[in-house]
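Please open the structure in the viewer and keep the selection panel at hand.

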Amino acid sequence: MNGSIVSILTLLLAATPSPATVGKPAPDFSAVDETGATYELAKLRGQAVVLEWTNPDCPFVERHYSADTMEKLAKTLGASDVVWLAVNSTHSNTPADTKAWKAAQGFAYPTLQDADGTLGHLYGARTTPHVFVIDGQGVLRYAGAIDDDPNGKAAAPVNYVGNAVAALLASGAPDPSETKPYGCSVKYK
């Protein structure tokens with residue numbers, strides 16, 4: 001390669017933010033939900049935040065929502081002042097699609113609209129579901145699967161996200177802090 005191409009590639013790589021890294025400050029963001037309300041990570045300091053990547057057309061997401069996995073956990077954690085935000089990075093998703101899905105599923109927490117994939121790429125979201133837990137100081141403390149049961153056959157699956165948040169609320173560290181997410185690929189453009 002000639003020197004000018006190497007220089008351009010170096011500049012591009014330096015300008016591209018690296019995906020979120022456990023143990024480091026979570027990438028800040030500002031995003032709107034299906035109603036147009038804006039959520040900014042910086043304004044949620046002092047509270048733990050759960051980001052759940054979702055896609056209603058994914059069979060893994062469908063299974064978890066049929067079992068109320070996310071809804072029950074979000075409701076339980078909400079009582080502990082934990083903010084649960086779903087994120088839909090599906091390129092074809094619209095706010096109207098999200099409103100219809102929420103009405104059909106009966107859950108209340110916001111779903112951030114990310115059809116251009118900006119937030120998904122910022123966090124390195126690879127699957128639906130893919131979950132990230134951020135502590136009250138804005139540090140990413142967990143990234144990975146919702147639980148240890150990708151096939152939905154375990155009688156008592158280990159809920160990694162619930163355990164991670166419980167550890168944070170008890171001033172501890174999640175163990176594990178990272179797991180391999182499972183599900184459908186995020187449907188970026």
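A nonpolar core is a set of buried Ala, Val, Leu, Ile, Met, Phe, Trp, Tyr and Cys residues joined through side-chain atoms within 4.5 Å. Buried means under 20% relative accessible area, exposed over 50%, and partly exposed in between, with a 1.4 Å probe and protein chains only. This is a predicted model, in which local features need pLDDT of at least 70 and side-chain atom pairs count only at pLDDT 80 or more, while totals for chains, interfaces and linings use all residues. Residues are numbered from 1 along each chain as its sequence is written, and side-chain values use heavy atoms, leaving out hydrogens and water.

**First stop: the nonpolar cores**

Select Val50, Trp84, Tyr109, Val133, Ile146 and Val161, the residues with the most contacts inside the largest nonpolar core, which has 27 residues. At least two residues of this core come from each of helix H2 (59-66), helix H3 (69-78), strand E4 (83-88), strand E7 (130-134) and helix H6 (160-169). Helices (H or I, at least four residues) and strands (E, at least two) are DSSP runs, numbered from the N terminus. H6 provides the largest share of the core, five residues.

Next, select Val161. Leaving aside neighbours within four places in sequence, Val161 is in contact (heavy atoms within 4.5 Å) with Val50, Leu73, Trp84, Val131, Val133, Tyr142, Ala145 and Ile146. Apart from this core lies another, of 22 residues, including Ala31, Val49, Trp53 and Tyr123.

**Second stop: the aromatic rings**

How many aromatic pairs does the structure hold? There are 11 aromatic pairs. Rings of Phe, Tyr and Trp (its six-membered ring) pair if their centres lie within 6.5 Å; planes under 30 degrees apart count as stacked, over 60 as edge-to-face and the rest as tilted. Select Tyr123 and Phe132, an edge-to-face pair with 5.5 Å centre to centre and 70° between the planes. Tyr123 is buried at 1% relative accessibility, and Phe132 is buried at 2%. Then select Tyr65, Trp84, Trp101, Phe107 and Tyr109, which ring pairs link into a cluster.

Select H3, whose buried residues are Thr69, Met70, Glu71, Leu73, Ala74 and Leu77. These residues pack against strand E3 (49-53), H2, E4, helix H4 (95-105) and H6.

H3 also gives the most to the lining of the largest pocket, with four residues. A pocket is found on a 1 Å grid over the protein atoms alone, as an open set of points where a 1.4 Å probe fits, with protein on both sides within 12 Å along at least five of seven lines; lining residues have an atom within 4 Å of a point. The largest pocket has a volume of about 200 Å³, the volume being the space filled by probe spheres set on the points, which are joined across faces, edges and corners. Among its lining residues are Glu71, Lys72, Trp84, Phe107 and Tyr109.

**Last stop: the disulfide**

Select Cys58 and Cys184, which are joined by a disulfide with S to S 2.2 Å. A disulfide is a pair of cysteine sulfur atoms within 2.5 Å, and by this rule the count comes to one. The link of Cys58 and Cys184 is right-handed, with 90° about the S-S bond. Cys58 lies in the loop between E3 and H2 and Cys184 in strand E9 (residues 184-185), so the pair ties together parts that are 126 residues apart in sequence. Cys58 is buried at 1% relative accessible area, and Cys184 is buried at 14%.
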